[in-house]
Amino acid sequence: MNLIEEVVTGNRLAFEQLFNRYKERVFNVAFSMSRDPVEAEDIVQEVFIKVYKSIGKYRGGERELDSWLRRITLNECVSRFRKNGVDKTSFEKMSEAGYSFPQNESFTSPETHLMMREKQRETRELLNALDQKHYMVMVLRFYHELSYGEIAEMLRIPVGTVRSRLSIAIKTLRTMRARIDEDEGRDLNEGVAS
Amino acid sequence: MNCNEIEPLMIRYLEQDINSAEREKIKAHLESCPKCRDELEALASEMKAFREDVDQMCDTAKLSPDVWSKIDERLSAEDRSFGNAFKRTGRQIKTMVAGWFTGRPTWQVIASQATIAILLITVIAIAINLPSSSGEDTTNTKNASNANNADNTQLAKYSEFKNAPNPTVAPVIEVDEQGNFTVTPRELTIVPGPAGPEVPMGPQGDEGIAEPRPTITVNPASGPPGSMVTIGGSGFVPSDHDDDFAQYYTHGSIDASITNLSLVDDRMIVQTGNMNLKVRSVAEAIRSIQQITASMGGYVVSSNWEGGEKSNSANISVRIPTENYENTAGSLRGLAMEVLFESAKADDVTEEYTDFESQLRNLETTENRYLALLEKAETVEDMLTVEARISKTRGQIEKIKGQMQYLERTSATSLISIYLVGETELEVDFAANKIEIEKGQTVRFADNATGGSGPYGYQWDFGDGTVSTAQKSVSHQYKKTGEFTVLLTITDSEGDSKTEVKNDYITVIGDDGWSVSDIAHSAWDGLASIFKVVVRIIVWMGIFSLIWIPVLVIIILIIRRLFREA
């Protein structure tokens with residue numbers, strides 16, 4: 001019996017093995033979509049519980065399991081967004097939950113440490129400039145590489161809307177990036193001045 | 001095409017989401033217009049950069065290690081429901097049966113077939129022996145108490161663990177005439193109590209490295225009166241047992257004989273508790289909880305009594321100083337007629353807190369550095385830029401301080417959420433499956449009691465001089481004709497009792513004494529029950545087709561013999 005068949009019969013140990021094998025990938029997809037570690041973790045839970053319940057209906061082999069899981073995760077993310085309609089940026093959510101970003105473990109001097117954190121912060125700032133509905137289209141297209149038709153179907157919006165959201169998102173990112181780079185440039189000049 | 005027309009089409013051009021005619025036009029324009037070429041370049045790099053940004057963002061977050069245990073818990077909760085267990089068994093049988101037809105007669109297939117054969121034979125045997133009408137059929141439902149079993153075991157483990165004798169060697173404090181004290185032994189090694197594996201010790205053989213045993217150190221071990229004594233702990237590992245450790249550490253007080261010392265608890269524990277209490281009156285319980293909370297130095301966070309006086313349940317959450325947690329929980333338990341559920345959880349946030357501390361230190365160093373720079377600044381412009389950086393750093397410092405304060409606040413007080421359910425009045429009712437019968441027939445009565453507090457005590461009076469204390473449902477045969485009044489008295493565990501009387505409820509018709517029809521009736525009944533058994537056997541054998549093989553073989557043998565003889 002292979003792993004999937006074991007899980008179908010309700011073998012919890014086999015399921016744990018499956019979980020450990022795919023958890024990082026599922027979390028990555030969930031986090032890329034939600035931008036919020038707490039939410040992403042909820043999604044991971046939800047996804048694996050769905051998998052456990054519906055694996056009896058799964059007809060593919062272990063090779064296709066990866067894309068099956070990805071599909072389930074994406075659908076879960078999208079349906080969550082549709083249900084909550086939350087359009088808070090994840091950063092706000094996170095400071096509410098008192099969440100602290102994990103840091104690099106290895107020791108670095110305070111300066112490099114700060115610089116690294118600064119870089120991370122900038123990336124977050126950039127990505128958070130998009131609201132969820134624009135971000136989602138963007139990430140589905142350029143990170144998960146779904147076609148326009150697939151995105152439209154998943155979000156239940158016309159293909160035209162996908163196009164317009166993408167164009168708005170790309171323009172927003174461009175302006176935002178330009179602004180951040182400008183800040184950075186000023187910082188560098190300060191360094192020289194002092 | 002000019003630049004303005006091209007601009008909105010650029011993304012579609014890059015994505016190749018455009019018809020060939022337009023494509024050619026854009027291409028032509030791009031060759032002649034460097035401005036648009038740059039623009040296109042910028043858009044393309046933006047798309048590429050986005051992917052990298054998301055990748056980078058994903059690197060910053062990690063899945064916390066306890067997700068599996070959460071999933072496992074939820075799945076276990078679902079497994080306990082009957083419907084799911086049924087479904088899963090169905091799936092197991094399905095895969096097994098599928099195995100039969102793949103044509104590989106492995107031992108598993110043979111074993112499963114044999115199991116089913118044995119099962120079916122047992123079922124047939126039971127079916128044959130089953131009496132056609134069951135007589136005294138008493139069913140005792142304990143489902144309600146079983147439902148909480150799992151939670152109760154957890155609770156039991158927790159309290160066992162809490163009361164484990166730690167440390168096994170109690171320190172002794174000697175105080176001489178001048179008031180000098182000595183603590184012996186100075187170091188205590190904590191040996192796990194009977195709760196065993198719950199107590200955080202070295203790794204459970206996973207890595208095979210022996211960790212140091214948890215140790216409590218008293219410092220200084222001796223000194224003059226009035227000295228500060230610190231009791232510290234070390235070797236409380238591994239970190240993935242942090243929750244256990246927290247409980248262990250806070251509850252494992254050194255010994256009662258050290259009256260003036262207590263553990264210097266430098267761990268920050270956020271303690272939360274949940275309780276479901278069954279109470280006589282919700283209103284009264286809410287008042288009592290308010291009093292208890294106030295007397296323990298806490299306050300009510302929220303109180304939600306939907307529907308007010310009419311409703312029979314309420315939610316109330318209180319915050320109390322962490323050191324009074326056990327006392328409060330005890331008083332709350334005292335309020336209840338029954339504690340339906342209780343759980344306590346302690347989260348160790350020390351690590352998080354120290355993390356913040358080090359971040360804070362880093363930021364403060366940075367700030368000081370900027371301050372030094374500010375002193376050296378000569379031009380107004382320099383001063384302004386440095387000041388801007390200082391205020392930015394200040395902002396970060398304030399944010400971290402806020403988070404630290406939040407942790408301090410939540411660990412200083414514990415949150416207890418209480419769900420109250422009021423007792424409802426005992427109501428008794430019952431019903432019979434038929435109210436008009438012929439003499440000698442059996443009536444089945446079923447109770448329908450609600451409220452009060454279980455378990456109930458039953459007293460049935462059938463009106464013909466017989467009584468029964470059978471529970472829930474009961475069958476009774478009436479041997480006399482007439483109209484009978486039936487009574488059911490229920491006494492609950494609190495001693496409250498109620499009686500439901502149904503006057504002339506059962507009518508029994510038919511004449512007394514022997515008659516031909518009686519005899520014919522019973523003879524018919526006998527025949528019918530034999531017939532029923534035969535039908536059942538055939539039905540069961542029909543379901544289990546394998547048994548037909550030997551049956552057919554036997555029939556064929558008999559027929560052949562008959563033919564040969566003929």
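Colleague: Which strands of chain B does helix H12 lie across?
Modeller: In this predicted model, helix H12 (residues 325-335) of chain B lies across S7, S9, S10 and S11 of chain B. Its direction runs at about 10° to S7(B).

Colleague: Which other helix packs on the sheet?
Modeller: Helix H14 (residues 380-412) of chain B does, and it touches S7, S9 and S11 of chain B. The direction of H14(B) makes about 50° with that of S11(B).

Colleague: In what order do the strands of that sheet come?
Modeller: The order is S8-S9-S11-S7-S10 in chain B. These five strands form an open sheet, and their pairing is mixed.

Colleague: And which are the edge strands?
Modeller: They are S8 and strand S10 (338-348) of chain B, each of which pairs on one side only. From one strand to the next, the twist averages 15°.

Colleague: What holds strands of a sheet together in general?
Modeller: Strands of a sheet pair through backbone hydrogen bonds, and the pairing is either parallel or antiparallel.

Colleague: How many bridges join S7 of chain B to S10(B)?
Modeller: Ten bridges join strand S7 (residues 269-279) of chain B to S10(B), and the two run antiparallel. Within chain B, B:Ile269 stands opposite B:Asp348 in S10(B).

Colleague: Now strand S9 of chain B: is it largely enclosed or largely open?
Modeller: Seven of the nine residues of S9(B) (residues 313-321) are buried, so this strand is largely enclosed by the rest of the structure.

Colleague: Which strands does S9(B) have bridges to?
Modeller: Five bridges join strand S8 (residues 299-304) of chain B to S9(B), and nine join S9(B) to strand S11 (residues 413-422) of chain B. S8(B) and S9(B) run antiparallel, and so do S9(B) and S11(B).

Colleague: Which residues stand opposite B:Ile316?
Modeller: B:Ser303 stands opposite B:Ile316 in S9(B), and B:Ile316 stands opposite B:Ile418 in S11(B).

Colleague: Stepping back, what does chain B contain overall?
Modeller: Its secondary structure comes to 16 helices and 19 strands. Of the 566 residues of chain B, 31% count as buried. The chain exposes about 34300 Å², of which carbon and sulfur atoms supply 55%.

Colleague: What share of its contacts join residues at least 24 apart?
Modeller: Among contacts in chain B between residues at least 6 apart in sequence, the share is 65%. A separate case of distance in sequence is B:Trp540 and B:Ile121, which are 419 residues apart in sequence and 9.0 Å apart in space, C-alpha to C-alpha. B:Trp540 belongs to helix H15 (residues 516-543) of chain B and counts as partly exposed, at 27% relative accessibility.

Colleague: How many disulfides does the structure hold?
Modeller: It holds zero disulfides over all chains.

Colleague: On to chain A: which residues of helix H8 are buried?
Modeller: In H8(A) (residues 148-155), A:Tyr148, A:Ile151, A:Ala152, A:Met154 and A:Leu155 are buried. They cover an arc of only 165° around the axis, so they lie on the same side of H8(A).

Colleague: What follows H8(A)?
Modeller: A:Arg156 follows, in the loop between H8 and helix H9 (159-193) of chain A. Its phi is near 55°, a positive value in a residue other than glycine. At 67% relative accessibility, A:Arg156 counts as exposed.

Colleague: Last one: is A:Glu41 buried or exposed?
Modeller: At 14% relative accessibility, A:Glu41 counts as buried. It sits in helix H3 (residues 37-54) of chain A. Leaving aside neighbours within four places in sequence, A:Glu41 is in contact with A:Phe27, B:Leu63, B:Ser64, B:Val67 and B:Lys70.

Methods. Residues numbered from 1 in each chain as written. Chains lettered and ligands numbered in written order. Predicted model: local features only at pLDDT ≥ 70, side-chain atom pairs only at ≥ 80, totals over all residues. Heavy atoms only, no water. Helix = DSSP H or I, 4+ residues; strand = E, 2+ residues; numbered from the N terminus. Buried < 20%, exposed > 50% of the residue type's maximum accessible area, 1.4 Å probe, protein only. Contact = heavy atoms within 4.5 Å. Areas by Shrake-Rupley, 256 points an atom, 1.4 Å probe, with all protein chains shown as cover. Arc of directions from axis to C-beta. Pairing = 2+ DSSP bridges. Disulfide = S-S within 2.5 Å. Axes fitted to C-alpha atoms, helices over the stretch in contact; angles between N-to-C directions.
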